[in-house]
Amino acid sequence: AVEGTVRPDMDAIIARKNRIVRELVSGVEYLMAKNRIDVLRGTARFEGNKTVIVDGDDAQRLSFDDCIIATGSSIRALDLPGADLPEVLDTDQALDCTKLPSSIVIVGGGVTGVEFAFLYANLGVDVTILARRNRLLHLFDEDASTAITSSATTRGIHVELSADVKGFAKQPDGTVLTTFMTQGKTRHLTSNLVLMAGGRMPATQGVGLETTDIAFDGKTGAIIVDERMRTKVDHVYAIGDVNGLVMLAHAAAYQGRIAVDDILGNGDEYHRAVIPSVAYTDPEVATIGIGVDEARRDAARYTVGTFSFAHNGKALAENAADGFVSLISDAKGLIRGATIVGGHASALISLIGLAICSGLSGEDVRRAVFAHPTTAEAIHEAACDLTFGALHE
């Protein structure tokens, strides 16, 4: 390395990640033991609607009164020529890859693809995103998508939109040639590695669900559940990625509570509006409930209040003035959603979730006192904008 430069130690980075994962897993194992939960190690599969077979170290045949399916999801593989090349990684493989390439092509402009793009760019890698859609983060509001695209471009991340990837080929020098089409033209990119970030799919294979009367979504393969996570089979529930509702860890935990409460006779119903979604980009993006795009399309029903982090003292002090807070209220003034782009967005969005769950109005939030200097003050200012106007903008 050139004297004075800093180079990432990928071996140390991956080792630290693995160490933290082990600590978290061991913590869960401790809690399971503490709460007297029996754990069978093996592969489970259904044999009818009332029986589960466990193959492995603790092979058993179990009959149950209630069952919760939580098999999660698996990588959605892209059926493309050259996708099996060792230089073409999926997201699971990338998380264990200790080789830091000088360049990488990321196929996918959704949350996972864009998160990896910022991660690699921050490590000094030349990054190109090939997004199939006409904008990045298409599931988020257009304002958020525009902000992240601008941030990506500023950091040197190359973005190709409406890109139809056709395949990959190994070059004599060891690099990978990616072929794609955009605007009716065939184009090529050369990189050291390719990352396929095509998303995930419900993990239902090999679980023996075909021996049950559980119903599936014919398009996604997800297990169909009702508002209390109940499948079509009495006393069998499905939570998390396997039901395809919201593929997020905190959504799975929330659905798990709903299922257990229903089993205990204290059930509550599932509400999508209280589940936040986060993209760990730079800056972060977080949303919950009604989005800004939807609110603007239905202006008679919703009001949008906004505030820019460019006018927030803490954000300026942290050199993180990019981004904004947008709050949405309904005709009664109740908070119904938010989009936050900026530092600490992943933490700030929970305040909006609390407001939604508690039935708070924009006026309720406006009356609250927020510590100064904090980025949370931007939420207070956006609430003011819902009523008589932001104070500091």
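**Reading a helix and a sheet in a predicted model**

A: In this predicted model, the buried residues of helix α5 are A251, Y254, Q255, G256, I258, A259 and D262.

Q: What covers the buried residues of α5?

A: The cover includes two strands, β4 (67–69) and β15 (236–238).

Q: How many residues does helix α5 hold, and what span should they give?

A: Helix α5 runs over residues 249–263, which makes 15 residues.

Q: Which residue with a positive phi follows α5?

A: G265 follows α5, and the phi of G265 is near 85°.

Q: How is a sheet to be read, and in what order do the strands of the open sheet stand?

A: Strands of a sheet pair through backbone hydrogen bonds, in either a parallel or an antiparallel manner. Here 5 strands form an open sheet, with parallel pairing, in the order β6-β13-β7-β8-β9. Its edge strands, β6 (88–90) and β9 (158–160), each pair on one side only. On average, neighbouring strands of this sheet are turned by 20° against each other, direction ignored.

Q: Over how many bridges do β8 and β9 pair?

A: Strand β8, residues 126–130, pairs with β9 over 3 bridges in the parallel sense. Within this pair, V159 of β9 has I129 opposite.

Q: Which strands does helix α3 touch where it packs on the sheet?

A: Helix α3 (residues 111–122) touches β7 (103–107), β8 and β13 (193–196). The direction of α3 makes about 170° with that of β8.

Note on methods. Residues are numbered from 1 along each chain as its sequence is written. This is a predicted model: local features need pLDDT of at least 70, side-chain atom pairs count only at pLDDT 80 or more; totals for chains, interfaces and linings use all residues. Side-chain values use heavy atoms; hydrogens and water are left out. Two strands pair if DSSP finds at least two bridges between them. Helices (H or I, at least four residues) and strands (E, at least two) are DSSP runs, numbered from the N terminus. Axes are lines fitted to C-alpha atoms, for helices over the stretch in contact, and angles run from 0 to 180 degrees between N-to-C directions. Contact means heavy atoms within 4.5 Å. The expected span of a helix is 1.5 Å times one less than its number of residues. Buried means under 20% relative accessible area, exposed over 50%, partly exposed in between (1.4 Å probe, protein chains only).
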